[in-house]
Amino acid sequence: MERVGPRWGWYWGIWTLMGLYMATWDLVMYPSASIPRVLVMNLLQNGTWGLLGLFLLWLANHHPIESFAWSQWRTWCLHLFASVGVAALGLFLAYLLSILVDSGDWQKPLDMARLVKGLPRFYRAYFHTNLLFMWAVVAAFHGLRIYRKYKAREIEAARLETRFAEAQNLALRMQLQPHFLFNTLNSISALVHTNPDGADEMISRLGDFLRTTLDAPQEQMVSLRRELAFIQDYLAIEQIRFQERLRVEVQFPAELMDLRVPSFILQPLVENALKHGLANRPQGGTLRLRARKEPGGLVLEIQDDGEGFVPGREGVGLANVRSQLGLLYKGRQQFDILGSLGHGTLVVLRLPLDGEGGA
Amino acid sequence: MNLRALVVDDEMLARQRIRHLLRRATDIDVAGECANGLEAVKAIEDFSPDLVFLDVQMPELDGFGVVEAVGADRMPPTLFVTAYDQHALRAFEVHALDYLLKPFSPERFHQALDRARRWCLHQSTDKGPDLEGLLAGLRKERP
């Protein structure tokens with residue numbers, strides 16, 4: 001169980017305010033009373049109650065009320081009796097103080113007769129108020145405790161969410177590796193014999209690509225420029241593999257290049273477009289990448305003219321993109337896959353550009 | 001008589017690599033190349049090659065689709081060539097002779113060719129490819 005740390009400034013400040021408040025109450029009831037006396041008396045009394053309240057705090061810290069459930073009845077009773085006891089003791093001490101202050105002489109023996117005579121009236125007048133004070137102490141403790149617990153949980157949830165987003169991002173970059181890598185290596189081993197320059201080119205492109213995926217800092221957001229450069233490394237390799245079957249058109253306006261987008265968000269979508277839109281068609285196809293700015297944010301489009309998206313056939317790549325976007329933008333993003341069989345697929349990504357997660 | 005081989009892969013470079021490696025095998029001729037499954041089915045039915053190098057991931061009809069379309073019984077001895085190792089078990093179920101994982105070394109390729117030669121020589125007496133041995137080899141390749 002976490003301890004509720006002290007906020008002693010507030011604690012004593014509130015007791016002091018209560019003392020001043022009670023003093024005004026006394027002055028209203030006894031307009032003829034001396035103001036200094038009333039002030040001193042009330043501050044002393046409230047100070048005493050504050051000290052006793054510490055016991056209630058200590059008790060609450062060791063036996064906090066966890067819920068309104070019946071199983072907690074023992075704890076409720078404990079705090080009820082403790083607060084009644086503390087209120088009673090507090091009033092007794094307060095009365096004692098008032099007699100001492102009135103007599104003004106600390107050496108003089110206590111006027112026992114006055115004490116016994118006045119005490120019941122004092123209790124009748126102030127006990128209920130005092131009990132409320134003590135309850136307020138216990139309630140404030142629990143209020144603060146619940147608040148801090150809530151805060152801690154919120155922080156923990158945010159931390160988990162960040163970690164999850166990072167894991168998702170890692171999944172995005174790892175998901176693409178194996179087959180792409182093996183096929184590319186196979187292409188290179190063909191090129192070394194027939195076209196050494198081509199092999200050279202492909203190895204350096206692959207190097208760039210691997211540097212970005214394996215070596216990149218674990219940033220969640222990168223500039224559109226960087227994301228595009230990464231995609232172009234990837235596409236350059238695919239273009240050597242698929243040759244004239246793969247045609248690529250990129251329309252990314254220069255003024256959008258500094259906008260921030262989630263890293264590795266485009267590659268799975270491009271890979272999907274190649275897989276469904278191109279690899280399955282002997283005659284190949286055209287891949288179009290477009291970016292534009294709308295009032296709502298940045299719009300990215302990935303379009304192929306392949307076999308068309310079949311709903312319900314979403315693979316790991318798309319699922320990863322979806323959850324990554326959800327984590328980063330919390331529903332403010334839009335992710336649509338439009339297409340019909342035989343007429344290609346258009347993936348539209350709308351990313352907000354304001355606030356956290358955005359650019 | 002030389003063995004006639006058919007090379008099926010949608011990637012030109014992948015076909016080129018096999019063709020290149022086959023140059024060293026003087027007893028094997030490349031009788032044809034196909035860039036997708038449908039072409040492959042047609043070629044197999046047209047001139048029934050002695051040996052097929054078959055990619056798994058292809059447009060129109062994948063490698064297993066080719067075997068299905070031709071019929072496992074009438075399918076010529078087949079060497080699967082792919083970057084996906086998870087298809088290996090299924091490949092042997094359709095009586096693949098071997099399963100080459102891209103990228104493969106020339107040694108591994110010629111080992112597969114030896115297997116194919118033995119198979120073609122002893123086709124009448126042999127019980128079939130040594131599945132256990134092949135799978136064990138595959139496991140060694142990809143720990």
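Biologist: How many residues lie between strand 4 of chain A and strand 5 of chain A, and what do the two strands form?

Modeller: They form a hairpin with two residues between them. Helices (H or I, at least four residues) and strands (E, at least two) are DSSP runs, numbered from the N terminus. Please note that this is a predicted model: local features need pLDDT of at least 70, side-chain atom pairs count only at pLDDT 80 or more, and totals for chains, interfaces and linings use all residues. Residues are numbered from 1 along each chain as its sequence is written, while chains are lettered from A and ligands numbered from 1 in the order in which they are written.

Biologist: In which sense do strand 4 and strand 5 of chain A pair, and over how many bridges?

Modeller: Strands of a sheet pair through backbone hydrogen bonds, either parallel or antiparallel. Two strands pair if DSSP finds at least two bridges between them. Strand 4 and strand 5 (residues 297-304) of chain A are antiparallel, over eight bridges; Arg292(A), for instance, has Val299(A) in strand 5 as its bridge partner. Strand 4 (residues 285-294) also pairs with strand 2 (residues 246-251) of chain A, in the parallel sense and over six bridges. There, Leu246(A) stands opposite Gly285(A) of strand 4.

Biologist: Which order do the five strands of this open sheet follow?

Modeller: The order in chain A is 2-4-5-7-6, and the pairing is mixed. Strand 2 and strand 6 (334-339) of chain A are the edge strands, each pairing on one side only. From one strand to the next, the twist averages 10°. Such angles run from 0 to 180 degrees between N-to-C directions, and axes are lines fitted to C-alpha atoms, for helices over the stretch in contact.

Biologist: Which strands does helix 8 of chain A lie across?

Modeller: Helix 8 (residues 266-277) lies across strand 4, strand 5 and strand 7 (345-351) of chain A, and runs at about 20° to strand 5. Two residues are in contact if their C-beta atoms, placed from the backbone, lie within 7 Å.

Biologist: How far does helix 7 of chain A reach from its first C-alpha to its last?

Modeller: The expected span of a helix is 1.5 Å times one less than its number of residues. Helix 7 (residues 224-242) of chain A has 19 residues and reaches 26 Å, close to the expected 27 Å. Just after helix 7, Gln243(A) takes a positive phi of about 50°.

Biologist: Which residues touch the most other members of the largest nonpolar core?

Modeller: In soluble globular proteins, nonpolar side chains tend to be buried together. A nonpolar core is a set of buried Ala, Val, Leu, Ile, Met, Phe, Trp, Tyr and Cys residues joined through C-beta atoms within 7 Å. A residue is buried if 20 or more other C-beta atoms lie within 10 Å of its own, exposed if 12 or fewer, and partly exposed in between, with C-beta atoms placed from the backbone. The largest core here has 76 residues, of which Val270(A), Phe53(B), Leu79(B) and Phe80(B) touch the most other members. Helix 7 of chain A gives the most to this core, with nine residues. Apart from it lies another core of 14 residues, including Trp49(A) and Phe141(A).

Biologist: What is Phe53(B) in contact with, leaving aside its neighbours within four places in sequence?

Modeller: Its contacts are Ala5(B), Val7(B), Val8(B), Ile18(B), Leu79(B) and Val81(B).

Biologist: Is Asn130(A) buried or exposed?

Modeller: Asn130(A) is buried, because 23 other C-beta atoms lie within 10 Å. Asn130(A) lies in helix 4 (residues 112-175) of chain A. Beyond its neighbours within four places in sequence, Asn130(A) is in contact with Trp49(A), Ala87(A), Gly90(A) and Leu91(A). Leu91(A) is 39 residues away along the chain, yet the two C-alpha atoms are separated by 7.4 Å.

Biologist: How many residues of chain B are in contact with chain A?

Modeller: There are 16 residues of chain B in contact with 17 residues of chain A. The chain B side has eight nonpolar, three polar and five charged residues. Here Ala, Val, Leu, Ile, Met, Phe, Trp, Tyr, Cys and Pro count as nonpolar, Asp, Glu, Lys and Arg as charged, and the others, Gly among them, as polar.

Biologist: Where does Pro103(B) lie?

Modeller: Pro103(B) is in the loop between strand 5 (98-101) and helix 5 (106-121) of chain B. The peptide bond from Lys102(B) to Pro103(B) is cis, with omega near -10°. In another loop of chain B, between helix 2 (37-47) and strand 3 (51-55), is Ser48(B), which has a positive phi of about 20° although it is not a glycine.
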